[in-house]
Amino acid sequence: MSSSTVITNIATLVTNDPSHSLGDGSPLGLIQDAAVVIDGDHVAWTGESSKAPATDNRVDAGGRAVLPGFVDSHSHLVFAGDRTQEFNARMSGRAYSAGGIRTTVAATRAASDAELEANLTRYLDEALRQGTTTFETKSGYGLTVADESRALRIAAAHTDEVTYLGAHIVSPDHADDPAAYVALVTGEMLDACAPYARWIDVFCEKGAFDGDQARAILSAGRAKGLHPRIHANQLSYGPGVQLAVELDAASADHCTHLTDADVDALASGRTVATLLPGAEFSTRAQWPDARRLLDAGVTVALSTDCNPGSSFTSSVPFCVALAVRDMGMTPDEAVWSATAGGAAALRRDDVGRIAPGARADLILLDAPSHVHLAYRPGVPLVSGVWRRGTRTV
């Protein structure tokens with residue numbers, strides 16, 4: 001039998017539940033002086049603290065804020081090696097390009113399964129301590145049939161949100177014949193990887209894959225039952241965003257260089273624009289214009305893009321602060337995008353919100369309001385994490 005727990009004396013509860021809208025334009029469905037009841041692994045009730053029903057257990061939030069667990073819908077966590085020297089050179093004046101991935105490919109191929117899994121669990125634990133309760137992660141650092149499939153097999157032991165990214169770059173083994181590599185990615189490699197993955201992704205960018213190649217790769221994955229998502233328009237203008245909308249991709253990720261037609265396409269479709277400010281921070285690149293997207297009615301997600309080359313952070317709170325400071329988002333918009341927005345990018349409605357029936361993934365902040373995530377950047381404010389109804393932090 002499951003036991004029930006009430007978390008009471010919550011100063012501000014972020015529900016992301018429209019039924020709690022205060023009519024102030026905030027998407028967060030805030031409840032002041034609130035309580036939330038967990039029954040087993042699900043949320044059973046939310047409301048004012050004075051009206052909370054009786055439960056088996058009681059937790060006093062002590063006048064702190066409670067939020068949904070962060071949903072990190074874009075990460076690259078199955079890898080080995082270190083790219084400190086590349087980062088140091090970039091911070092000393094060298095521009096970022098798509099080619100540095102090859103360094104990680106070499107290290108990942110040389111690593112054992114145990115080493116790759118140890119790295120993965122290390123970063124997952126790190127992210128959990130900072131409030132991430134749902135995460136997506138990709139392959140893409142093996143680029144052979146054996147290495148891509150083992151990366152996905154390792155990832156699938158830790159999350160349901162696994163993405164096949166054999167099309168991260170053209171494998172160094174096929175540098176002189178990209179067409180042969182596309183054939184491998186859409187053929188033997190796809191066959192080996194599809195059983196472990198839910199999603200298929202492609203880096204549609206100069207130096208990686210063009211629009212026609214990306215369409216062929218994503219279409220092949222879709223025929224195997226994998227749903228598309230796309231690395232789109234990160235380093236330059238290109239076809240990625242409009243291809244994402246055309247193929248009903250769950251998300252177009254990065255979205256830095258957008259035309260008006262790109263923004264209109266996103267606003268007219270279901271594809272979420274996933275913004276990854278850690279990448280711009282770590283490469284000194286142009287910031288995505290979140291304000292432009294939000295004002296056009298585009299659904300926006302915020303994620304870490306945790307990877308060893310261009311965004312080596314597992315901290316969603318850090319990305320929230322960057323989005324508010326440098327991308328034109330309000331604190332409410334940034335928190336929504338890091339929770340409900342991430343869930344939308346994974347086409348999930350059981351996470352990213354605190355409402356009856358949702359999974360009981362919650363964060364307790366050592367602060368009275370979610371605004372402190374941007375107001376106090378770099379401070380470890382997450383003091384408690386419940387995942388599937390169990391307190392893990």
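Colleague: How many aromatic pairs does the count come to?

Modeller: The count comes to six aromatic pairs. Rings of Phe, Tyr and Trp (its six-membered ring) pair if their centres lie within 6.5 Å; planes under 30 degrees apart are stacked, over 60 edge-to-face, and the rest tilted. One of the pairs is F79 with F312, edge-to-face, at 5.9 Å centre to centre and 75° between the planes. This is a predicted model, in which local features need pLDDT of at least 70, side-chain atom pairs count only at pLDDT 80 or more, and totals for chains, interfaces and linings use all residues. Residues are numbered from 1 along each chain as its sequence is written, and side-chain values use heavy atoms, leaving out hydrogens and water.

Colleague: Where in the chain do F79 and F312 lie?

Modeller: Helices (H or I, at least four residues) and strands (E, at least two) are DSSP runs, numbered from the N terminus. F79 is in the loop between strand 5 (70–72) and helix 1 (84–91), while F312 is in the loop between strand 12 (300–302) and helix 12 (316–326), 233 residues apart. F79, Y123, Y141 and F312 form one aromatic cluster.

Colleague: Is F79 buried or exposed?

Modeller: Buried means under 20% relative accessible area, exposed over 50%, and partly exposed in between (1.4 Å probe, protein chains only). F79 is buried at 1%, whereas F312, at 43%, is partly exposed.

Colleague: What surrounds W199?

Modeller: A charge sits over a ring if NZ of Lys or CZ of Arg is within 6 Å of the ring centre and within 35 degrees of the ring normal. R229 lies over the face of W199, 4.4 Å from the ring centre.

Colleague: How many disulfides are there?

Modeller: With a disulfide taken as two cysteine sulfur atoms within 2.5 Å, the count is zero. For C319, the nearest cysteine sulfur belongs to C306, 9.2 Å away. C319 is buried, at 1% relative accessibility.

Colleague: In which order do the strands of the open sheet run?

Modeller: Two strands pair if DSSP finds at least two bridges between them. Seven strands form the open sheet, ordered 3-2-1-4-13-14-15, with mixed pairing. Strand 3 (42–48) and strand 15 (390–391) are at the edges with a single partner strand each, so one side of each lacks a neighbour in the sheet. Strand 1 (residues 4–14) runs antiparallel to strand 2 (residues 30–39), joined by eight bridges; S4 stands opposite D39.

Colleague: Which elements make a β-α-β unit with strand 9?

Modeller: A crossover is right-handed if, with the strands pointing away from the viewer, the path from the first strand over the helix to the second runs clockwise. Strand 9, helix 8 (residues 240–246) and strand 10 make a right-handed unit. From strand 10, the chain crosses through helix 9 (residues 260–268) to strand 11, again right-handed.
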